[in-house]
Each structure stands twice: as structure tokens, then as C-alpha cells.
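Biologist: I've never worked with this structure before. Could you take a close look at one part with me, and then show me what goes with it?

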Amino acid sequence: RGTSSEYLARMMAIRRMPPFHRRLWPEPYFQSPKNVLAQNALSPRDEVETNLIRSLIASYFAIVRQAIQDLVPRAIMHLLVNHTSQQVKNRLINALDEPELFAELLHEDDAIANERARVKALLDAYKEAFKTLAEVNLTSI
């Protein structure tokens, strides 16, 4: 509504208008300030409803605050940890992507090469045994 001086200025401007224009403005503009203040007094029901609305607004803001507090760790994880993880991964890939390191990185340990050869020989033996069993089953039928 503004200050009392603004209210008085509006009242003076409205009172200077012809009666036709006064009908265009809402009725509270034509009342004295005492009547307007008396209308603002709240009934007990209005007070209860006002307190209820205040309580609901406070609850709403508490819910919003909790939701924002829950989103902060997710935002930190997304913006900081994931970005840092991606940067470390890119640096490691760049460090490993040097041609002079290929021979060293692709070198197979002798123990692993021996184990691979032993397992391959064992696999070949199993394949041969399975083939022999299949032939025996076909000839016995």
C-alpha cells in the first residue's frame, strides 16, 4: 500500500476527480485511514488461517532446504570427483601412448608365456579326447 504520505497523495488525487471517475476505483481508496486500519484487524478465524499459512510456508522452506542439502553432495561428486577422475585417466592414457613404451608394455613375461603354452597344449589334448569319445560313441551305436 505504501507509506501514509503516498496514501494521502492518492486520496487527494482521487477526491479531485469527478464523481464518474471515482466509481472506477475500489471502495477502500475513498475511506479514511482509520477505517482502513480497522478493517485490517483479523478475526480469530483469520488469525488461525494466517498462522496455518505461515506454518505451511515454513514447512515448505524446510523441505526445499533439505532437498538442496541432499543435492550438494551429488553436485560435488559430479563437478569435482568425476572431472578429476577423467583428467587422471586422460593423463595416464597420454603417458602410455608413447611409441618407445610399446615394446616394454607389450612384452609378455616368460612365466605367463610358459603357462599359456601349457594351457594350450592341455586344451588341444582335451579336444583330441573329446573327438575320440565322439568317434567311439558313433561306432558303438
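Biologist: Let's start with a single side chain: what is the relative accessibility of glutamate 115, and what does it count as?

Modeller: Glutamate 115 has a relative accessibility of 39%, so it counts as partly exposed (buried is under 20% relative accessible area, exposed is over 50%, and partly exposed is in between, with a 1.4 Å probe and protein chains only). Before going on: this is a predicted model, where local features need pLDDT of at least 70 and side-chain atom pairs count only at pLDDT 80 or more, while totals for chains, interfaces and linings use all residues. Residues are numbered from 1 along each chain as its sequence is written, and side-chain values use heavy atoms, leaving out hydrogens and water.

Glutamate 115 has a partner: it makes a salt bridge with arginine 118, with the closest N and O atoms 2.8 Å apart (a side-chain nitrogen of Lys or Arg within 4 Å of a carboxyl oxygen of Asp or Glu). Both sit in helix α6, residues 110–140, and they are 3 residues apart, about one turn of the helix (helices are DSSP runs of H or I, at least four residues, and strands are runs of E, at least two, numbered from the N terminus).

A search of the whole structure turns up 4 salt bridges. Among them is one between glutamate 108 and arginine 116, at 3.0 Å from N to O. Glutamate 108 is partly exposed at 32%, and arginine 116 is partly exposed at 48%.

Another joins glutamate 49 to arginine 45, again with the closest N and O atoms 3.0 Å apart. These two are in helix α4, and because they are 4 residues apart, about one helical turn separates them. Here glutamate 49 is partly exposed at 35%, whereas arginine 45 is exposed at 61%.

Since we've landed in α4, have a look at its length. The helix has 53 residues, 44–96, and should span 78 Å; its end C-alpha atoms are 77 Å apart, which agrees (the expected span is 1.5 Å times one less than the number of residues).
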